[in-house]
Structures are given as C-alpha cells and as structure tokens.
Amino acid sequence: MILQLELLLHLCFIIVLISISPSLSLDLELGNGDDGFERDDFPAPPDFVFGASASAYQVEGAADQDGRTPSIWDTYAHEGKMDGATGDVACDQYHKYKEDVQLMVKTGLEAYRFSISWSRLIPNGRGPVNPKGLQYYNNLIDQLISNGIQPHVTLHHADLPQALEDEYGGWVSPNIVKDFTAYANVCFEQFGDRVAHWTTMNEPNVFVLGGYDIGFLPPQHCSAPFGVNCSRGNSSTEPYLAIHNILLSHASAAALYKQTYQHKQRGFIGINVFSYWFIPRTETQHDQVATQRAMDFYFGWVVHPLVYGDYPRVMKKNAGSRIPTFTSAESAQVQGSFDFIGLNYYVTLYAEDFSAALNIQERDYTADSAIQIYPLDFNQSTFEYPITPWGMEELLEYIKQNYGNPPLYIHENGQRTRRNSSLEDWSRIEYMHGHIHSLLNVIRNGSNARGYFMWSLLDSIELLDGLKSSYGLYYIDLDDPELKRQPKLSAHWYSKFLKKKNFTPHSASDADHQRYFSR
Ligand code: FCB
C-alpha cells in the first residue's frame, strides 16, 4: 500500500515536472546572461571562490586500506545503522582522486572543500603518522593545486577515531583537546605550505545533537527519555560538554596555527556551523521571542563564544549548571579565534514557542531551547527541500548585524533528491540558482561572504540518509563496479555559470593575503 502511494506520488511528480520543464529549460541558459547574474558579478578569486564540498567518510572508501583504522562512523555503519550502507568503498575517491580532480576542472570549480580522515593520517588518533595517509593527502592537494583548484580543508567532519571514543569517550572528555591539537599540528606542518584555508570542525552543533542528545548518530550517547536505545550517555549534560570541548579544541588548534604557522604560511583558520534560518510560526510575541531563541540555540551556541567569549544568555539561563562555564583564560582563547565562519545552510523552518518544556525538571538541549520547529513545506515523495534562498539572505544579514560581519563561506548548500531518481535534476538547478542569486544580493548589501561551496560534487554516502538521498552534481551507481561518474544537468548548469568569466585562475600570494584582511 505504502509502495503504491509512493509510486503514485512519484508519478504525480513526473507529471508536474513535465509541465514545468519548458520554463525551467529557459533558466538552464545560465551563463548566456539569461539568469540575471554572472560569475563576473562576484569578486574574482582569491576574494571569492566557487566550489563543491565533500567529506572523507562520505567519498574516500578504502576504509581498511593502507593503515587506516575505524572512525565512529565505520562502527555505526557496520552495525547496520545506515540501512546497510557503509563508507567501505563509497565513491572510492581514495583511488579515483585524479579522475575526480579532472571532473572538477571540467566543471570549472575554483575550490574543493574536503576533509581529512583523522584515523587515516594518525591511526588510532594519537601517535605516529601513517606514511600512506600522508602520501594520499599530499597527492590530492598537489593534484588540486596543479590544476588551479584551491584546497579548503576540514580537519574534523564527524569521523572521530573510534580508538579515542573507546579510550576516554571522545568529545565529552577534556583529553580530546590535546589529541586534536596534535592532529591539527601534523596537518599544518605537512600540508600548510599548500593549504591556505583550514576549518577545524564541520557543524559540531549537528553531530553533537545527533550523537549525544537524541543518540541516533555516532557515537550514540543518550539517556532516557530523550534518546532511542541508549546504553550510555547523558542527554541533559553531554551535548553541552561536547560542544564545550569542541570549542576548546578549535581554539587550541587556532592558537597553534596563528602563533606558529600563519605568519609563514599566510593562510586562514575558521570553524563551520550548521544553521537554519527561522521564522515565527505565528505573529504572536511568544513565537517571535522563540524565533530569536532558536537562533541562539542553533547558531549562537557555537558562534557566540567565538565572537563574544561566552554562550548566549538564554542558553545559560535555561541550561543552568549543565552548561559548562569558560574560565577567563578559556574565554579569552575562544573569543576571536577565527578568521572566518563556514556556514552550512539548507532550509528555513518555522519556530514555535514551547515554553511549557521549561516546567519539566529533567531537561535536555531540546527542552532547554523551549521551541518546536516545523518545515515550511516538505515533499515526502521527492525528498526535496523547499527552496528558501531568501532565508539564507536573512541569515547572512543577521550575522552581519549581530556578529560583526565576519568573513564567511557558504560551506554547504544544495538540493536533496532521491537517489537514482533522474539525471535531469531541475530542482537542484533551481535551488542553486536561487541561492547563488541571494548570495549576490547580500554581498551587494555589504556581507563579507568569500565563497560558495555546493554540497556535493558526487552522489556520496549520506550521513543522515545513507543511500536514500543524493546531492551530487555527478551521479554514481554504487552497484556499478567501475563507479562511473555521470554528469547531471546541474553539473552542466554550474559549469556554464562558472566558465563564463573574465579572469584567469591564480593561486594566493602575499598581496592576496593583505587584500583579504583589508577588505
Ligand atoms: C550536512 C553534512 C554533510 C552532508 C549534508 C547533506 O549536515 O555536513 O556531510 O551529508 O548534510
């Protein structure tokens, strides 16, 4: 019955698609000047770059090859938690990186955002460096640079070495600060002569909520009644503790970079955060206050300490003694410890006041936030996000006004479609077109945005959806032993947009560095 319903919805979707295709195909003329904007309307590199994003576990594969040890995602996936999907082979970028860099060239990418697998570079998270891991990332970076593509490197994209989780509980232990800083040091030392953009963490607010409150993501810590099937953890305290140690780890790595490497390597270091934009569910005063609270709990949790040295006031009030306190030395180290903020934005949601949650004695982060969130509109049959670029515009404006207009990258933004649905991914084109246009509007309005990375270059293993959804410009049939990459319409579209430009790619120099900071 469910299957029939899905089929019916799918059919309806195809009919809708056929009827709207003619007007969309006009939009596809992007790059011919029909879209209302062009690549040249944005600053040229290095002031602004267009690229695509990926993460190690989602694309590399070779999970047990050449000395790599498991991360918490390998463990989780092998427990069958991703509907049988694993990153064992994924897109096999470990072996196909040269081919993938050629795809990037063909697409016209100016930058590639990828992450390093900590347990590939330093098996077990601590101790000697794995020469094969070192070799792989050196090869990838060299390949990118020799093809004129800037490497933007994330140090931690959700894949904590399992050994550190087993030894001391990973992010909930203060021991992690030392081990993360040592890992970052290896990366700066080995790759920093060629990598100028470092992001310490990818969206800690998401992996902490999933991994330490609700417990449906690795390392699956949670406590009743908040999470599902919890065997260890504490949903009331651990999310706050984990973010605290993440911020201290970030600040420690950033201090190391700034003191030891930045003057000679001329690069930049920042952190990434996931954020929705929220709008009040109703016009009531309660929902309007709740909407601000939602921003404080999602975005402010990570960024407020970085800009102001402490958590947002409402978080401290609602979480009380469960949210750790920064010592004055820690606060001073965290505050200002970034050159840029990376933002993952996908959709805008409704926020509704749920202050009743504050009457519950034992609370978790969600209850502390005292909000409920709702999608504006969600098409179950296609999996696709409602397209809300205006929300990204508002979010960037909010950051400009409330957080001192920091240099900022859109690190992830993209449309979700059902895996294997179609190479004619019109909604991805419409989505990217809308968001890139919005980005231009906010830049013209004074936002300090420096780049746009779409998620994702390839159809990879999706952390939240396994094999159900895909975000790629390039389709991969995972049953095909060759894992052939096939361009979707969105790849052609992006490529057309990126290639019509009046500048020639070049690498960052000292003069660029000066310009970057003086803008
Ligand atoms: C983000 C993750 C990224 C990807 C997208 C769709 O939350 O950072 O790895 O899976 O979602």
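A residue counts as buried when its relative accessible area is under 20%, as exposed when that area is over 50%, and as partly exposed in between. C187 has a relative accessible area of 0%, so C187 is buried. C91 is buried as well, because its relative accessible area is also 0%. Keep in mind that this is a predicted model.

Now the ligand. Where does the ligand sit? The space it takes is the largest pocket.

Which distances do the polar side-chain atoms give? For Q58, a polar side-chain atom is 2.7 Å from an oxygen atom of the ligand. For N202, the corresponding distance from a polar side-chain atom to a ligand oxygen is 2.9 Å. In the side chain of E412, an N or O atom lies 3.0 Å from an oxygen atom of the ligand. As for the cover, the ligand taken alone exposes 290 Å², and the protein buries 94% of that.

Back to the cysteines. How many disulfides does the model have? The count is one. The disulfide joins C222 to C230, with an S to S distance of 2.2 Å. The cut-off here is a pair of cysteine sulfur atoms within 2.5 Å, so the pair qualifies. The angle about the S-S bond is -105°, and the link of C222 and C230 is left-handed.

C230 has a relative accessible area of 27%, so C230 is partly exposed.

That is what I have; questions are welcome.

Notes: Residues are numbered from 1 along each chain as its sequence is written. This is a predicted model: local features need pLDDT of at least 70, side-chain atom pairs count only at pLDDT 80 or more; totals for chains, interfaces and linings use all residues. Side-chain values use heavy atoms; hydrogens and water are left out. A polar contact is a pair of N or O atoms within 3.5 Å; within protein, one must be able to donate a hydrogen and the other to accept it, and residues adjacent in sequence count only if both atoms are side-chain atoms. Accessible areas come from the Shrake-Rupley method with a 1.4 Å probe; for residues, only the protein chains shown count as cover. On a 1 Å grid over the protein atoms alone, a cavity is a set of points where a 1.4 Å probe fits but cannot get out, and a pocket is an open set with protein on both sides within 12 Å along at least five of seven lines; lining residues have an atom within 4 Å of a point. A molecule sits in a cavity or pocket if more than half of its atoms lie within 2 Å of its grid points. Buried means under 20% relative accessible area, exposed over 50%, partly exposed in between (1.4 Å probe, protein chains only).
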